[in-house]
Amino acid sequence: MADHVRSDAGAASRRRFMQQAGAGSAAVAAATLGLAAQDAEAAPAFDASYDVVVCGSGCGGLASALFARWQGNSAVILEKAGSIGGTTAKAAFWYWVPNNEAMKKAGIADPKPDFLKYVARLSSPQTYDPAHPRLGLTPWEYDMCSAFYDSASPAAELLAAKGALPYRHVADVPDYFAELPEDKAPKGRVLVPKDAIPSMSDGGLVAVRTMSTKARQDGIPIRTGIRVTKVLQDKSGRVIGVEAKDELDATVRLRARKAVIFATGGFTHNAELRKNFLNGPIYGGCAAPSNEGDFVQIAGPLGAQLRNMNYAWTCPIPLEKAIAKDGSISGMFSVAGDSMLFVNKYGQRNVNEKLQYNELAQTFFEWDGAKAEYPNLVRIAVWDQRSQQHSASAEYGRLIVPPGTDDRHVIKGATLAELARAIDERLAKYASATGGAKLALDFLPNLQAAIARFNQLAKTGKDLDFQRGERIVEQLFNGDVKAEPGRSNATMWPLADAGPYYAALVVAGTLDTKGGPKTDTHGRVLDGADRPIPGLYGVGNCVASASGRAYWAGGATLGPIIAFAYRAANAAHAEGRSAT
Ligand SMILES: Cc1cc2nc3c(=O)[nH]c(=O)nc-3n(C[C@H](O)[C@H](O)[C@H](O)COP(=O)(O)OP(=O)(O)OC[C@H]3O[C@@H](n4cnc5c(N)ncnc54)[C@H](O)[C@@H]3O)c2cc1C
């Protein structure tokens, strides 16, 4: 009886899978492309069979499936969430492509040796040596960076040529460390989806739309509500498929004749992995809520080697939205406002608020060994009516938002004293998430002194304390400010002597993490002895990024993802089909 019930449930889940996977349309497309029809019924232990099974429907998954398909393979994309796109759908989708075709047309040289020096200098500053044959990188780091340089542009060109991701060149965006002497091509490497709006805030949506449309046209079924839970291996250890749970928690088994490619994002939303592996107290972040580090758990039993688990693409985020696990949360790429400053719970200003977001977030982890505390665990952004009026935007993680939008994170006070009281009350509400952080007794006089000092510096336009606004990228991320003809520092202006004043609680978060199973330059997941686990691939934030601690430039997550999707799909294509 029990067996009968199970087999009925299995048949139902198989039917559901085949219907929702659009197996019919895949077969039509397969015929159009001259492929054999899918042999879903040929392997009774599996619900369906494909050459390549791709897990995750963000950029890594969509691009891997497309590249594999264009080589003539059948492919399917399995997505855990109820909708497609993952974190990618939230991105601005700048993609950083060294030596891209648009640069070549514009006459911007980007030689590989110089490019590698720039990335090596940032990713491993403690070992960087321009005279060393690998610039001080490990062989793995060097080879991965080299492979990225070689493949990013061919991958981007192929996606564009096929109509999956037409782009436009943003020639004037600087790299995040454009001033470094190692950066010989400080502008020109950034591409964005062609139809993204001028602010580019919808770039990810556009990219997911164009790539998924192309995937469907080319016969790649995309199944949502399918959470891959396990990799299946044959007796020799070769990966031959995956097991997954569908939306009704029924088990689905899919055969992969050539390869399984994971592109399931990082572990931002797995509190235990965050606490065990990240190098500081990170309060979740902006990744898709379904990014819970599944691949770390799945690849572990297969002997996969983990790398760079301590790194993430970090950014400041509003505390309240992080605690609420608000799926719409976005990183503060631009800490907006000129009459705005950050102080800690002591009322001290101790950071350049316009530091590029990855660097700014990491200053929240500073540990005070004498007091045994993170003094900057929660920072408090304070701004006045001028910044409220001129720098409010509902786009992209701004703290300063316009009236009528969700401003639950904003704390208000008619005077600084009233503001301080309101901040204390708000902190008390979140005490259980901050180890009981509260304002110091002398917070108010310290805040007043910090504002007086900031105003003095802002009047001269020179931040002698923290050099705010001096780097090129800080001006890029300044957000909108009131025009003041003739002023020398667009990022600073004195706060008004009278209220109203505004504040918000800010903590460190991620766009997503960037550690996971180590892969080789072809996206093959490696075991503890650096041997590929046959048939298992990983791309994107679910695997280790050789960038280490660095965030090289805007687009430095998606550029490599596209390059490694291309390389992984090419290697997967070259695999022989496993026997049934
Ligand atoms: C607001 C914002 C703006 C950004 N802007 C940029 C930018 O301009 N340029 C840039 O380079 N980067 C940007 N990023 C970062 C970038 O979006 C990510 O690094 C990138 O999209 C990650 O792609 P991915 O394919 O690795 O993962 P994701 O896009 O996160 O996709 C992973 C998918 O896997 C699915 N999944 C998880 N587990 C399973 C499972 N077990 N089975 C099946 N499916 C599973 C998830 O549901 C998800 O859909 C931004 C991020 C944010 C939040």
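How do the residues of the shell around the ligand divide into nonpolar, polar and charged? There are 18 nonpolar, 19 polar and 6 charged residues, where Ala, Val, Leu, Ile, Met, Phe, Trp, Tyr, Cys and Pro count as nonpolar, Asp, Glu, Lys and Arg as charged, and the others, Gly among them, as polar. A word on the ground rules before going on. The model is predicted, with local features needing pLDDT of at least 70 and side-chain atom pairs counting only at pLDDT 80 or more, while totals for chains, interfaces and linings use all residues. Residue numbers start from 1 along each chain, following the sequence as written.

Back to the ligand. Around it sit 43 residues, and Gly56, Gly58, Gly60, Gly86 and Gly540 come nearest; a residue is near a molecule or strand if its C-beta atom, placed from the backbone, lies within 6 Å of it. Four elements each supply at least two residues of this shell: α3 (59–70), β7 (227–233), β15 (501–513) and α17 (558–574). The numbering of these elements runs from the N terminus over DSSP runs, with helices being H or I of at least four residues and strands being E of at least two. Helix α3 gives the largest share of the shell, 3 residues.

Helix α3 also packs against other helices. Two packed helices are described by the angle between their axes and the distance between the axes. Here axes are lines fitted to C-alpha atoms, for helices over the stretch in contact, and angles run from 0 to 180 degrees between N-to-C directions. With α17, the axes come within 8 Å and cross at roughly 35°. This crossing is right-handed, meaning that the near helix is turned clockwise from the far one by less than a right angle, with anticlockwise giving left-handed. On the α3 side, Cys59, Gly60, Ala63, Ser64, Phe67 and Ala68 take part, and they meet residues of α17 including Leu558, Ile561, Ile562, Ala565 and Tyr566. Two residues are in contact if their C-beta atoms, placed from the backbone, lie within 7 Å. By class, the contact of α3 with α17 comes to 12 nonpolar, 4 polar and no charged residues.

The other partner of interest is helix α7 (residues 203–217), whose axis comes within 10 Å of that of α3, with a crossing at roughly 30°. That makes α3 roughly parallel to α7, since angles under 35 degrees count as roughly parallel, over 145 as roughly antiparallel, 65 to 115 as roughly perpendicular and the rest as oblique. This time the crossing is left-handed. Cys59, Leu62, Ala63, Ala65 and Leu66 of α3 meet Ala207, Val208, Met211, Ser212, Lys214 and Ala215 of α7. The contact of α3 with α7 holds 9 nonpolar, 1 polar and 1 charged residues.

Elsewhere, helix α5 (residues 112–123) packs on helix α6 (residues 139–161) at an angle of about 130°, with the axes 10 Å apart. The pair is therefore oblique, and the crossing is right-handed. Lys112, Phe115, Leu116, Val119 and Ser123 of α5 make the contact with Glu141, Cys145, Ser146 and Tyr149 of α6. Its classes are 5 nonpolar, 2 polar and 2 charged residues.

Most residues other than glycine have a negative phi, and most peptide bonds are trans. Yet the peptide bond from Gly499 to Pro500 is cis, with omega near 10°, and Pro500 is found in the loop between α16 (472–476) and β15. Asn99 has a positive phi, near 50°, and belongs to the loop between β3 (95–96) and α4 (101–105). Asn308 has a positive phi too, near 55°, and lies in the loop between β10 (306–307) and β11 (312–318). Asn308 is buried, with 21 other C-beta atoms within 10 Å, whereas Asn99 is partly exposed, with 19. The cut-offs, using C-beta atoms placed from the backbone, are 20 or more others within 10 Å for buried, 12 or fewer for exposed, and anything in between for partly exposed.

Lastly, two residues and their contacts. Glu101 is found in helix α4 and, leaving aside neighbours within four places in sequence, is in contact with Ser153 and Glu157. Val170 sits in the loop between β4 (167–169) and β5 (190–193).
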